[in-house]
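Please walk me through this structure one feature at a time. I would like the general idea of each feature before the case at hand.

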Amino acid sequence: MKGWEFTTTNAPLRLVEKENPKATAGRIVIDVKAAGLCHSDVSGLTDESWLDIITNRPIIMVHEVAGIVSEVGEGVTQFKVGDRVALCPVAKDGSGFGPGFAYDGGFSNKVCCPAEDVVRIPDNVSFAQAAAATDAGMTSYHALMRTGGAKAGMKVGIIGIGGLGQSFYPGKNTRIGATSSQSSCLYGCMYT
């Protein structure tokens, strides 16, 4: 496989070629079709404080990943070769770290990951949309739905309607009031 490997801050990524990953027990291999560059990836390139988090170096960066299952490991029954999937950026094993931190991520043509960290992509969602939704969408969803308890029909206020704030809404008949400090943004009340 080929990928762009991170070694340390203030150093360019380097194009590397590695042996193709194999799907071991409980894991799958994804042929990457889209990957999103996140704020944490950009920060890791220039801010040395990120080296405390990106400890498994060198590593292929990027945790926003979507693609097609190309290999299934022993014991994996919920996915099959050909499934369209997206990879959760936070590991469900309790470690908190997933692709681009604990193991090679999406700045490559293949990713091998735990099957439990993967979800199917609906047919009407593109790979690019799915990759972005894994982090930005998950963050917004968690803040609004899990922490905030938002439900369809509620009135919801969002302070700071940037990229994350506008990426998720609770459902039909929800009235959302939003603010932004950017003069180029003219957000007021939006009805969905």
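The dialogue below takes the features in turn.

Q: What kind of model is this, and how are residues numbered and values taken?
A: This is a predicted model, in which local features need pLDDT of at least 70 and side-chain atom pairs count only at pLDDT 80 or more, while totals for chains, interfaces and linings use all residues. Residues are numbered from 1 along each chain as its sequence is written, and side-chain values use heavy atoms, with hydrogens and water left out.

Q: How many helices and strands does the protein chain have?
A: Helices (H or I, at least four residues) and strands (E, at least two) are DSSP runs, numbered from the N terminus. Here there are two helices and 11 strands. Read from the N terminus, the order is β-β-β-α-β-β-β-β-β-α-β-β-β.

Q: What share of the residues counts as buried?
A: Buried means under 20% relative accessible area, exposed over 50%, and partly exposed in between (1.4 Å probe, protein chains only). Of the 192 residues in the protein chain, 41% are buried.

Q: Which residues touch the most other members of the largest nonpolar core?
A: In soluble globular proteins, nonpolar side chains tend to be buried together. A nonpolar core is a set of buried Ala, Val, Leu, Ile, Met, Phe, Trp, Tyr and Cys residues joined through side-chain atoms within 4.5 Å. The largest one has 14 residues, and those touching the most other members are I28, I30, L87, V111, C113 and V118. At least two core residues come from each of β3 (27-36), β5 (64-72), β6 (84-87) and β7 (110-114). The biggest contribution is that of β3, with three residues. Another core lies apart from it and has eight residues, including F6, L51, I59 and M61.

Q: Where does T9 lie, and is T9 buried or exposed?
A: T9 sits in the loop between β1 (2-6) and β2 (14-17). T9 counts as buried because its relative accessible area is 8%. Contact means heavy atoms within 4.5 Å. Apart from neighbours within four places in sequence, T9 contacts G44, L45, T46, D47, E48 and L51. T9 and S43 are 34 residues apart in sequence, yet their C-alpha atoms are 8.6 Å apart in space.

Q: How many disulfides does the structure hold?
A: A disulfide is a pair of cysteine sulfur atoms within 2.5 Å. The structure has zero disulfides. Among the cysteines, C38 is buried, with a relative accessible area of 15%, and C88 is buried at 16%.

Q: Which element gives the most to the lining of the second largest pocket?
A: On a 1 Å grid over the protein atoms alone, a pocket is an open set of points where a 1.4 Å probe fits, with protein on both sides within 12 Å along at least five of seven lines; lining residues have an atom within 4 Å of a point. Of the 16 lining residues of the second largest pocket, A86, V119, A130, A133 and T134 are the closest to its centre. Two or more lining residues come from each of β6, β8 (118-120) and α2 (127-147). The most come from α2, with four residues.
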